[in-house]
Amino acid sequence: MKINQSFFQLKYLLVGILFIQIQFGFSQEAKNSALYKTIMSKDSLLFNIGFNTCDIKQFENLYTEDFEFYHDKDSISDKARFLKTFQSGICSPTRKYNYRRELIDGSTEIYPLYKNGILYGAIQMGTHRFYESSAGNPEQAGSFAKFTHLWLLKNKEWKLARSLSYNHQITSSTAGISNLFDNDLETEKWLKENNIPALGIGIIADGKLKQVKVFGELKKGVSAPYNTIWNVASLTKPVTAITVLKLVSAGKWDLDEPLYKYWIDPDIAKDPNLKLLTTRIVLSHQTGFPNWRSFNESKKLDFKFKPGTQYQYSGEGFEYLRKAVEKKFHKTLDQLASELVFEPLKMTDSQLIWNDKIDLSRYAVNFDKNGNAYEPTKNKSANAADDLLTTIEDYGRFLSSVMNGEGLSEKVFKDMISHQVQTKKNKYFGLGFEIYDLGNENYALSHGGADQGVQTIVILLPKTKQGLIIFTNVDDGYKVYENIVVHYLGENGRKIVDIETK
């Protein structure tokens, strides 16, 4: 068979076909349509079974006889050449590596092709990533690539007639979901498909907040503005941590001074372990306390292990520190945070207490995954671990300040980013922030927040002066994290996702 079309000719031909179909009203298939499900099942047979397990029969059965494959880094292949290369290359019995293809979640677009009103084919577009592994070694992430497939319906069977693989890159800067985050309409559509009421994104570059993007609705029928006010749950903890670390930097507080000198909780007054509690141990979550004592007031605070011997995430620990600091300085945490963090950084929309200053017209209502609204938490006093109200812009200023070490001594900043305790492979807690070890002396600082109707996360890359803020107002907002992190942080983002999910 003679192949007489170049890669770019075929690419533009398929794009042209797609454009014509859209012009005549045949739009992208919905994920719940029969055609979408059919093409995705063929994709699974082709890659999850055929490619990932080296089952060549899947390719033989799914390809048309005149199948053509176009690769931007290799060449053009017909069916015979492709199958031969596949067998003797990545699926050779003597191969040293195994390969796996993974479809980037949410990247698939499928468009039907009609002739005289009769369905005869479909164009599938998407992004995928390839991984490789060898005996005794963990799987390594490889390149991203975009692909376009032309599927034809022949004798009631779906066959792949043309395959284009292009834009291969190690980083993901252009490998995210097509048009997402750069095209508001596409992003809004994607959020609705994922049942995310509102999404806020902050992008830090060169050590400064460069961009704020807010999508979705505060509540039904009310668009979320760029200065939406969010409850960010446990993203309160970094603010508390920096407030205290600024006191340490100023010589007014000691990281390793026992807290019992200022505060003793009556529940543990007779336990000798209380003398081991320090600010360092609290900020690195090694207190031995549970996350929260029971909502049943008769449940007392107690130690689950000796402080400083292991990791256990604890909001109670931060509350314990709050009471000690407030006793010493005769000021409430919200007063200290205002003086040391909010006011210097002009975080005018940030507060730890629910009061009349809140502009309720900008508040993001919190929802469960079924779209039912929660009543907002209305704290009358500051909680050191939870319920900060803030905006993307305010929190972006805060994170930029943290990244640049503003108000922190060199020693305190070094302590903050040091591995105080390991939580899993390549992941640690420093002081107030989680630390991801990305290799080659590169690292990320991070923290998340999760409450009823709240899912938030922030990531800082101090070496490259980059950062990312993600706020959502729904129970399962975490499900959109991966696409956003990889889209904006590239290979470093992928490493963070891999550490977190493996």
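## Strand pairing around E16

In which sense do strand E16 and strand E17 (residues 454-461) pair, and over how many bridges? In this predicted model, the two strands pair in the antiparallel sense, and seven bridges connect them. Within this pairing, Asp451 stands opposite Val454 of E17. The hairpin that E16 and E17 form has two residues between the strands, and in this hairpin Gly453 takes a positive phi near 75 degrees.

Strand E16, which spans residues 442-451, also pairs with strand E15 (residues 434-439), the two running antiparallel and being joined by five bridges. Here Tyr436 has Ala444, a residue of E16, as its bridge partner. The hairpin of E15 and E16 likewise has two residues between the strands, and Asn440 adopts a positive phi near 55 degrees in it.

## Positive phi at two exposed asparagines

Asn116 is placed in the loop between strand E4 (109-115) and strand E5 (118-133), and its phi is near 55 degrees, a positive value in a residue other than glycine. Is Asn116 buried or exposed? With a relative accessibility of 75%, Asn116 counts as exposed.

Asn155 lies in the loop between strand E6 (140-154) and E7. Its phi is also near 55 degrees, again a positive value in a residue that is not glycine, and at 76% relative accessibility Asn155 counts as exposed.

A search of the whole structure finds 25 salt bridges. One of the pairs is formed by Arg162 and Glu68, whose closest N and O atoms are 3.3 Å apart. Because Arg162 belongs to strand E7 (residues 157-169) and Glu68 to strand E1 (residues 63-71), this pair ties together parts that are 94 residues apart in sequence. Are the two partners buried or exposed? Both Arg162 and Glu68 are buried, and with the cut-off used here this means that each has under 20% relative accessible area.

## Salt bridges with partly exposed partners

A second pair consists of Glu102 and Arg100, with 3.2 Å between the closest N and O atoms. Glu102 is partly exposed, its relative accessible area being 23%, and Arg100 also counts as partly exposed, in its case at 26% relative accessibility.

A further salt bridge links Asp267 with Arg293, and the closest N and O atoms of this pair are 2.9 Å apart. Asp267 is located in the loop between helix H6 (236-249) and helix H7 (279-283), whereas Arg293 is located in the loop between H7 and helix H8 (315-329), so the bridge ties together parts that are 26 residues apart in sequence. Asp267 has a relative accessible area of 29% and is therefore partly exposed, while Arg293, at 24% relative accessibility, falls into the partly exposed class as well. Elsewhere, salt bridges that share partners join four residues, namely Asp256, Arg280, Lys411 and Asp415, into one network.

Key:
Residues numbered from 1 in each chain as written. Predicted model: local features only at pLDDT ≥ 70, side-chain atom pairs only at ≥ 80, totals over all residues. Heavy atoms only, no water. Salt bridge = Lys/Arg side-chain N within 4 Å of Asp/Glu carboxyl O. Helix = DSSP H or I, 4+ residues; strand = E, 2+ residues; numbered from the N terminus. Buried < 20%, exposed > 50% of the residue type's maximum accessible area, 1.4 Å probe, protein only. Pairing = 2+ DSSP bridges.
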